[in-house]
Amino acid sequence: MPSVNDILRQKSSSLITTDPYATVLQAVQTMNRNRVGAVLVMDADNDLVGIFTERDVLTRVVARELDPRSTPVHEVMTTDVLACSLETDLDDIAEIMKGRRIRHVPVRDGHDQLVGMISIGDVNAYHVMAKQATIENMTDYICGRG
Ligand code: AMP
């Protein structure tokens with residue numbers, strides 16, 4: 001069974017983070033610069049204290065007419081962050097994302113260290129790639145190749 005680790009191995013392992021006192025504007029600039037839809041919020045001790053995503057920009061900043069230049073991330077982030085481990089089964093994480101309507105899940109290793117983030121886009125891309133490989137194998141088998 002494929003696991004979260006199978007996806008992370010194919011991705012750059014850098015974590016995109018911000019601090020709780022960064023403004024929403026700064027967090028959005030960090031997301032845009034790194035072409036991601038979420039940032040992990042880390043405190044001064046490098047502990048994970050929240051997650052802030054593009055959905056939060058829409059529902060907690062724009063819709064409430066807050067000023068992104070003066071609103072700190074800690075006021076609009078989600079604090080109860082769901083994380084998974086490297087061994088988590090991909091199908092399980094896809095179900096959790098669907099059930100909780102979240103598209104980003106940080107990943108911890110066996111030492112409880114954050115080692116990456118997977119998104120629903122990563123999971124979908126992996127499934128497409130795996131299905132493509134199955135189709136090619138079956139085509140080769142049917143056509144008597146390989
Ligand atoms: P998303 O669909 O990932 O953009 O996020 C939808 C909502 O769920 C936003 O309020 C996020 O802050 C929150 N969220 C996203 N990922 C997580 C996570 N791993 N744990 C908890 N909340 C999350």
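Residues are numbered from 1 along each chain as its sequence is written, and side-chain values use heavy atoms, with hydrogens and water left out. Local features of this predicted model need pLDDT of at least 70, side-chain atom pairs count only at pLDDT 80 or more, and totals for chains, interfaces and linings use all residues.

Helices (H or I, at least four residues) and strands (E, at least two) are DSSP runs, numbered from the N terminus.

An N or O atom in the side chain of threonine 53 is 2.8 Å from a ligand oxygen. For threonine 78, the corresponding distance is 2.7 Å. A polar side-chain atom of histidine 104 also lies 2.7 Å from an oxygen atom of the ligand. Alone, the ligand exposes 470 Å², of which the protein buries 92%. Accessible areas come from the Shrake-Rupley method with a 1.4 Å probe; for residues, only the protein chains shown count as cover.

The whole structure contains 0 disulfides, a disulfide being a pair of cysteine sulfur atoms within 2.5 Å. Cysteine 84 is buried, at 8% relative accessibility. Cysteine 143 is partly exposed, at 48%. Buried means under 20% relative accessible area, exposed over 50%, and partly exposed in between (1.4 Å probe, protein chains only).

Threonine 18 belongs to strand β1 (residues 17-18). Its relative accessible area is 11%, so threonine 18 is buried. Beyond four places in sequence, its contacts (heavy atoms within 4.5 Å) are Ala27, Val39, Leu40, Val41, Met42 and Val73.

Aspartate 6 sits in helix α1 (residues 4-8). Aspartate 6 is also buried, with a relative accessible area of 19%. Its side chain makes a polar contact with that of arginine 9 (2.5 Å). A polar contact is a pair of N or O atoms within 3.5 Å; within protein, one must be able to donate a hydrogen and the other to accept it, and residues adjacent in sequence count only if both atoms are side-chain atoms. A polar side-chain atom of aspartate 6 lies 2.7 Å from the backbone nitrogen of serine 3. Outside four places in sequence, aspartate 6 touches Met1 and Tyr126.
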